[in-house]
Amino acid sequence: ISTMRLESCHAEILRLVGIVGQLQELYFLESPRQVMDKQVFNFEELCQSIYQDFELKLKEKEIQFSMQMPEDTPIFADYYRLKQCLINLISNAMTYTQHGGHIIIEYNKVGKLRTAINVRDDGPGIPEEDLPYLFERFYRVDKSRSKKTGGMGIGLSITKAIIEKHGGTIYAQNNEYQGCVFTFVLPNETFI
């Protein structure tokens, strides 16, 4: 067997291991026994930390990353799980945002009881017929993307499971002019 063939088999095995790992995580998140380690923390600081993780890739594509937030940005959530959600949403936005585009994170209080977070990009948007299925496992909008460039179609399912485990909701819609926005809304149980 050639070295190239072995490398191809090895890459496929790693991909399958990744899928199994993500499915196990999704099963774990959907379990009624699984609880989130919620605490109040500063959402803007979380975003700054994530920006540092993505800074080089953003500069490579010359994507402008901005945050539109008030001075005070408390949020009640599991820090690491919420970070996982944002990394997934920002990573997806980066994939579809063209060279020189924009990604914006917005923090909005919805009354005293909820906080809404938007991850907005100015990419090509999502075909309307795909919007209802985005959060289903193994669903990929761009069926033509290869295994190397495309995701496995599980990331948004995991993101939805995490948000719902917090008692929140998540949805996606196209921007009025270009791109799309993912919005998740979390309850502010401890702020009252």
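User: Is D53 buried or exposed?

Analyst: Burial is read from relative accessible area: buried is under 20%, exposed over 50%, partly exposed in between (1.4 Å probe, protein chains only). D53 counts as exposed, at 51% relative accessibility. A caution on the source: this is a predicted model, where local features need pLDDT of at least 70, side-chain atom pairs count only at pLDDT 80 or more, and totals for chains, interfaces and linings use all residues. Residues are numbered from 1 along each chain as its sequence is written, and side-chain values use heavy atoms, with hydrogens and water left out.

User: Which residue forms a salt bridge with D53?

Analyst: Side chains of opposite charge can pair when their charged atoms come close. The cut-off here is a side-chain nitrogen of Lys or Arg within 4 Å of a carboxyl oxygen of Asp or Glu. K83 is the partner of D53, with the closest N and O atoms 3.8 Å apart. K83 lies in helix α3 and D53 in helix α2, so the bridge ties together parts 30 residues apart in sequence. K83 is buried, at 18% relative accessible area.

User: How are helices and strands assigned?

Analyst: They are DSSP runs, numbered from the N terminus: helices are H or I, at least four residues, and strands are E, at least two.

User: How many salt bridges does the structure hold?

Analyst: Four. One of them joins K59 and E55, at 3.2 Å from N to O. Both residues lie in helix α2, four residues apart, about one turn of the helix. K59 is exposed at 53%, and E55 is partly exposed at 27%.

User: Which residue pairs with E106?

Analyst: R120, with the closest N and O atoms 3.0 Å apart. E106 sits in strand β4 and R120 in strand β5, so this pair links parts 14 residues apart in sequence. E106 is buried at 12%. R120 is partly exposed at 25%.

User: How many residues are in the largest nonpolar core?

Analyst: Such a core is a set of buried Ala, Val, Leu, Ile, Met, Phe, Trp, Tyr and Cys residues joined through side-chain atoms within 4.5 Å. The largest one has 39 residues. Those with the most contacts inside it are F43, L82, L86, I105, F182 and F184. Elements giving two or more residues include α2, α3, β4 and β7. The largest share, seven residues, comes from α3.

User: What is F184 in contact with, leaving aside neighbours within four places in sequence?

Analyst: Contact means heavy atoms within 4.5 Å. On that reading, F184 touches L82, L86, L89, T115, A116, I117, I163, T169 and I170.
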